[in-house]
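The following exercises are to be worked with the sequence and the coordinates at hand. Each task is followed by a solution in steps.

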Amino acid sequence: MIEKNDEYFMRKAFILALEAFEKGEVPIGAVIVKEGKIIAEGYNQVEMLRDATAHAEMIAITSAENHEDNWRLLDCTLYVTVEPCMMCTGGILLSRISRIVYGVSDPRMGFLKTKYDGVKELNLYKKVEVVSSVMEHEIRELMQEFFKNIRTKKE
């Protein structure tokens, strides 16, 4: 039997990031887990939907809320390949997700640990556990490849 730990679920998010990569989107994937089962997933669709809010986390949150038939995602864990931005951190906290696991820090937009401590800054509802650096190496390589490809196309 496969152990369903943080790396297992992050690998699922990474597969979604690869799907985003193949579609020309910034390669970020997210899954939401409750009681050891994936209840929702998403990947960046900003370009495809022409929607600045179509981040992997936001798509996964909406899907999970529909799955649970409730906007409160109590006792859920979000796995996302890249540290959430301010918008996504707000959505995560407002939906009451209790645990966030991410792979790579985002020095430009990260709102959990890198640029700001979003959980502390927003001081909402309850303590939220944040875990970072899960599958960091593989995710960083994918992000670097994506942006290298973008730069190469512009030259």
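Helices (H or I, at least four residues) and strands (E, at least two) are taken as DSSP runs and numbered from the N terminus. The model is a predicted one, in which local features need pLDDT of at least 70, side-chain atom pairs count only at pLDDT 80 or more, and totals for chains, interfaces and linings use all residues. Residues are numbered from 1 along each chain as its sequence is written, and side-chain values use heavy atoms, with hydrogens and water left out.

**Exercise 1. Describe the ends, the span and the buried face of α1.**

Step 1. The expected span of a helix is 1.5 Å times one less than its number of residues. For the 17 residues of α1, 24 Å is expected, and the distance from first to last C-alpha is close to this, at 24 Å.

Step 2. Buried means under 20% relative accessible area, exposed over 50%, and partly exposed in between (1.4 Å probe, protein chains only). In α1 the buried residues are F9, M10, A13, F14, L16, A17 and A20. They line one face of the helix, because they fall within an arc of 165 degrees when seen down its axis; the arc is that of the directions from the helix axis to the C-beta atoms.

Step 3. After α1 comes G24, with a positive phi near 80 degrees.

**Exercise 2. Carry out the analysis for α3.**

Step 1. The end C-alpha atoms of α3 are 18 Å apart, which agrees with the 18 Å that its 13 residues should span at 1.5 Å a residue.

Step 2. A56, E57, A60, I61 and A64 are buried in α3. Seen down the axis, the buried residues of α3 fall within an arc of 125 degrees, so they line one face of the helix.

Step 3. The cover over these buried residues includes β1, β2, β3 and α4.

Step 4. Just after α3, D69 has a positive phi of about 55 degrees.

**Exercise 3. Which residues have the most contacts inside the largest nonpolar core?**

Step 1. A nonpolar core is a set of buried Ala, Val, Leu, Ile, Met, Phe, Trp, Tyr and Cys residues joined through side-chain atoms within 4.5 Å. The largest one has 40 residues, and M10, I32, L73, L78, Y79, I97 and I139 have the most contacts inside it.

Step 2. At least two core residues come from each of α1 (6–22), β1 (29–34), β2 (37–43), α3 (56–68), β3 (76–82), α4 (86–94), β4 (99–104) and α6 (136–154). The largest share, seven residues, is that of α1.

Step 3. Contact means heavy atoms within 4.5 Å. Beyond its neighbours within four places in sequence, I139 is in contact with M10, F14, T81, V82, G103, V104 and V134.

**Exercise 4. Is N44 buried or exposed, and what does its side chain reach?**

Step 1. N44 is placed in the loop between β2 and α2 (46–49).

Step 2. With a relative accessible area of 6%, N44 is buried.

Step 3. Its side chain reaches the backbone oxygen of V26 at 3.4 Å.

Key
Polar contact = N/O pair within 3.5 Å; in protein donor to acceptor, adjacent residues only side chain to side chain.
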